[in-house]
Amino acid sequence: MSKTLVEMTADIIQSQISGSNMSTDEIKTALNDTYQALKDLQEAEQAGTDIEEKEEKPAMDPKRSIQKNKIVCLECGQSFKMLTKHLKSHNMTSKEYRKKYGFSSTQSLCAKALSEERSQASKERGIHPNLRKTFGNRAKKTKK
């Protein structure tokens, strides 16, 4: 007797939870994403099409993927504090990822809290003398 999609989803997520600490929101997201992936696989199998032929959709809306305490990979739907190293598993660079999903080239690929933490630490350390000199030179050029 085969399992239903809901049962398979529950088994998969239960295995993930046992191996890591996940918040309630992360569990909900994982359940929804896993169920949808299984449903897509089932539909593709029934239609007799190859999964690769199906149009690729991001795991979620790119605008909502960068959150306070995590960033969601739009390729696979997994959550991280920072995406840069993870993108190697998708054979992508940060630049390619930003271009594919419409992010600006200056958009940080890390959780907002981590970005703020780094910014605050940088401010506490102060501006490096060479950087201060560069800022001064830029200000002089714009006044001319």
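Where is T84 found? In this predicted model, T84 is found in the loop between β2 (79–80) and α4.

**View 1. T84 in the loop between β2 and α4.** With a relative accessibility of 37%, T84 counts as partly exposed, because values between the limits of 20% and 50% fall into that class. Not counting residues up to four places away in sequence, T84 touches S94 and L109. Another residue for comparison is S108, which is 24 residues apart from T84 in sequence; the two C-alpha atoms are 9.4 Å apart in space.

**View 2. L83 in the loop between β2 and α4.** Is L83 buried or exposed? L83 counts as buried, for its relative accessibility is 0%, and the term buried applies to values under 20%. Leaving aside neighbours within four places in sequence, L83 is in contact with I71, V72, C73, Y97 and L109. The chain also brings L83 and C110 to a C-alpha separation of 6.1 Å, although these residues are 27 residues apart along the chain.

**View 3. The largest nonpolar core.** How many residues does the largest nonpolar core have? This core has 13 residues, and those with the most contacts inside it are L74, L83, L87, Y97, F103 and L109. Two elements, β1 (71–72) and α4 (94–101), each supply at least two residues of the core. In soluble globular proteins, nonpolar side chains tend to be buried together.

**View 4. K85 and N91 in the loop between β2 and α4.** K85 is found in this loop and counts as exposed, at 72% relative accessibility. The C-alpha atoms of K85 and S119 are separated by 20 Å, and the two residues are 34 residues apart along the chain. N91 is found in the loop between β2 and α4 as well. N91 is exposed, with a relative accessible area of 70%; both values are to be read against the limit of over 50% for an exposed residue. What is the phi of N91? N91 has a positive phi of about 55 degrees, although N91 is not a glycine.

**View 5. S65 in helix α3 (residues 62–65).** The relative accessible area of S65 is 1%, so S65 is buried. Which residues does S65 touch, not counting residues up to four places away in sequence? They are M60, K70, I71, V72, L74 and F103.

**View 6. The crossing of helices α1 and α2.** The axes of α1 (residues 5–19) and α2 (residues 24–47) come within 9 Å and cross at roughly 135 degrees. That angle makes α1 oblique to α2. The crossing in which α1 passes α2 is right-handed. On the side of α1, the contact is made by L5, V6, M8, T9, I12, I13, Q16 and I17. On the side of α2, it is made by I27, A30, L31, T34, Y35, L38, K39 and Q42. By type, the residues of this contact divide into 11 nonpolar, 4 polar and 1 charged.

**View 7. T34 in helix α2.** Is T34 buried or exposed? T34 is buried, with a relative accessible area of 14%. Not counting residues up to four places away in sequence, T34 touches T9, I12 and I13.

Definitions and conventions. Residues are numbered from 1 along each chain as its sequence is written. This is a predicted model: local features need pLDDT of at least 70, side-chain atom pairs count only at pLDDT 80 or more; totals for chains, interfaces and linings use all residues. Side-chain values use heavy atoms; hydrogens and water are left out. Axes are lines fitted to C-alpha atoms, for helices over the stretch in contact, and angles run from 0 to 180 degrees between N-to-C directions. Helices (H or I, at least four residues) and strands (E, at least two) are DSSP runs, numbered from the N terminus. Angles under 35 degrees count as roughly parallel, over 145 as roughly antiparallel, 65 to 115 as roughly perpendicular and the rest as oblique. A crossing is left-handed if the near helix is turned anticlockwise from the far one by less than a right angle, and right-handed if clockwise. Contact means heavy atoms within 4.5 Å. Ala, Val, Leu, Ile, Met, Phe, Trp, Tyr, Cys and Pro count as nonpolar, Asp, Glu, Lys and Arg as charged, and the others, Gly among them, as polar. A nonpolar core is a set of buried Ala, Val, Leu, Ile, Met, Phe, Trp, Tyr and Cys residues joined through side-chain atoms within 4.5 Å. Buried means under 20% relative accessible area, exposed over 50%, partly exposed in between (1.4 Å probe, protein chains only).
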